[in-house]
Amino acid sequence: MSTPLPSRPNFEHLRNEARDLLKAYTSGNPACCDVLRGLRRFTGAADATIMKEEVTLQEVQCAVAIKYGCRNWSELRDAVAAAGGAVEKPAEAAPPSPAVGAERMAALERIVAGGPASAWPLRQVIEFFKAATAMARFGGLIAIEHVSERLDDSFLKLGMRIVTDGTDATIVRNILLERKRTVLADHDRRLDMTMAGINAIATGDSPMIVDARLRAFLPAEAETEDAGRNGRAPVDLPGRLAALEAVIARSPASRWTAEDLIGFFTAAARVAQAGKLVALDGVAARTNDPLIRTGLQLVVDGADAEIVRSILVERKRTLVADLERRLDLIIAGVNGIAWGENPAVFETRGNAFLPAETGPAAA
């Protein structure tokens with residue numbers, strides 16, 4: 001049942017009610033859920049379910065309108081006017097000067113040029129979306145459509161591309177949620193391959209066994225007829241070290257494909273098989289993949305294979321959680337652009353994704 005408007009409604013008071021509701025949501029107060037359940041997507045949803053979702057200011061305003069028996073925010077404004085209430089009329093603001101647009105674009109460009117997007121910490125992801133939403137509010141989506149092609153983070157690139165194509169915000173969110181599932185599954189497979197490779201070296205498996213064990217992680221369609229080719233290793237240590245160096249020099253470890261991982265661990269197993277675990281010491285230090293670096297260093301240091309595995313399992317949980325937090329932050333940022341969210345509101349929302357010990361003041 002809807003709530004009747006006050007006898008002398010004031011639209012500014014309703015605007016403040018929506019702001020307070022959003023503030024309650026962002027601070028984690030479930031008292032906002034009764035009103036938010038008025039939205040179609042939250043009908044019958046439990047408080048915990050609602051609090052896990054992303055909610056925009058526009059949706060909160062719509063929920064407030066529904067509470068008072070209107071279909072949307074605009075209809076609520078008309079209802080206030082029809083009841084003889086005060087409808088705040090925004091002052092005619094002068095259009096932003098070209099200098100403002102140039103300043104916002106420069107801020108966005110500085111962030112995009114500040115290193116590969118795939119390596120951005122969460123704080124820089126937040127700054128990117130603040131700058132992108134500010135530029136979009138000034139010049140529209142067309143003003144930021146060039147950004148996506150310069151991003152090396154495939155998930156972020158996809159989100160920016162579909163939102164600047166003018167895709168409906170709800171569709172944008174659904175696409176990114178499906179893509180998130182794929183990214184997490186691929187990442188999980190990669191981490192499991194890394195753990196299997198590290199443990200194979202720790203237990204002294206032969207290169208052929210390492211190759212076969214890791215290829216079991218590949219999708220069926222990725223299998224090749226010569227899957228065992230890496231088992232035919234040169235017998236000399238210099239040759240084995242050269243093969244390992246060739247894999248390392250190909251690209252940063254964090255960007256290795258599944259085939260690269262197989263090649264790396266097979267080559268590393270050949271070196272270890274020659275009784276030269278110490279030769280892998282320098283390899284660990286030169287690897288930018290945290291799981292590979294941690295695992296190899298443990299093996300080189302002579303840690304027991306079971307201890308290595310238990311440490312890597314814990315490390316994997318942390319890495320998966322970190323990736324999921326990053327993907328959720330990107331989804332929130334892309335949807336903020338799609339909904340025309342205020343950059344300051346997005347910053348508050350984005351800060352909620354930072355670990356407690358690295359909040360805004362510490363970031």
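**Notes on the packing and the charged pairs**

1. Both F129 and F346 are buried. The model in which they are seen is a predicted one. The centres of their two rings lie 5.8 Å apart and the planes stand at 65°, so the pair is edge-to-face. Since F129 belongs to helix α7 and F346 to helix α16 (residues 343-351), the pair ties together parts that are 217 residues apart in sequence. Ring pairs also link W120, F128, F129 and F346 into a cluster.

2. The structure holds six aromatic pairs. One of them is formed by F11 and W73 and is tilted, with 5.0 Å from centre to centre and 50° between the planes. This pair, too, links distant parts of the chain: F11 is in helix α1 and W73 in helix α5, 62 residues apart. F11 and W73 are each buried.

3. An α-helix has 3.6 residues a turn, so residues three or four places apart point the same way.

4. At its start, a side-chain oxygen of N72 comes to within 3.3 Å of the backbone nitrogen of S74. After the helix follows G84, which has a positive phi, near 80°.

5. Which residues touch the most other members of the largest nonpolar core? They are L108, F128, F129 and L156, in a core of 39 residues. Two or more residues of this core come from each of α6 (98-112), α7, α8, α9 and α15 (305-338). The greatest contribution is that of α7, with nine residues. In soluble globular proteins, nonpolar side chains tend to be buried together.

6. Apart from neighbours within four places in sequence, F128 is in contact with L108, I111, V112, W120, V147, L151, L156 and M160. A second, separate core has 36 residues, including L214, V247, V283 and L312.

7. A search of the whole structure finds 33 salt bridges. In one of them, E75 is joined to R71, with 2.7 Å between the closest N and O atoms. E75 counts as partly exposed at 23% relative accessibility, whereas R71, at 66%, counts as exposed.

8. D152 and R255 form a further salt bridge, their closest N and O atoms being 3.1 Å apart. The pair links distant parts of the chain, 103 residues apart: D152 is in the loop between α7 (122-139) and α8 (154-164), and R255 in the loop between α11 (237-250) and α12 (258-273). D152 is partly exposed at 34% relative accessibility, and R255 is partly exposed at 49%.

9. Within helix α9 (residues 169-202), R189 and D186 are three residues apart and therefore separated by about one helical turn. Their side chains meet in a salt bridge of 3.1 Å, N to O. R189 is partly exposed, with a relative accessible area of 30%, and D186 is partly exposed at 37% relative accessibility. Elsewhere, salt bridges that share partners join R41, E53, E59 and R173 into one network.

Methods. Residues are numbered from 1 along each chain as its sequence is written. This is a predicted model: local features need pLDDT of at least 70, side-chain atom pairs count only at pLDDT 80 or more; totals for chains, interfaces and linings use all residues. Side-chain values use heavy atoms; hydrogens and water are left out. A polar contact is a pair of N or O atoms within 3.5 Å; within protein, one must be able to donate a hydrogen and the other to accept it, and residues adjacent in sequence count only if both atoms are side-chain atoms. Helices (H or I, at least four residues) and strands (E, at least two) are DSSP runs, numbered from the N terminus. A salt bridge is a side-chain nitrogen of Lys or Arg within 4 Å of a carboxyl oxygen of Asp or Glu. Buried means under 20% relative accessible area, exposed over 50%, partly exposed in between (1.4 Å probe, protein chains only). A nonpolar core is a set of buried Ala, Val, Leu, Ile, Met, Phe, Trp, Tyr and Cys residues joined through side-chain atoms within 4.5 Å. Contact means heavy atoms within 4.5 Å. Rings of Phe, Tyr and Trp (its six-membered ring) pair if their centres lie within 6.5 Å; planes under 30 degrees apart count as stacked, over 60 as edge-to-face and the rest as tilted.
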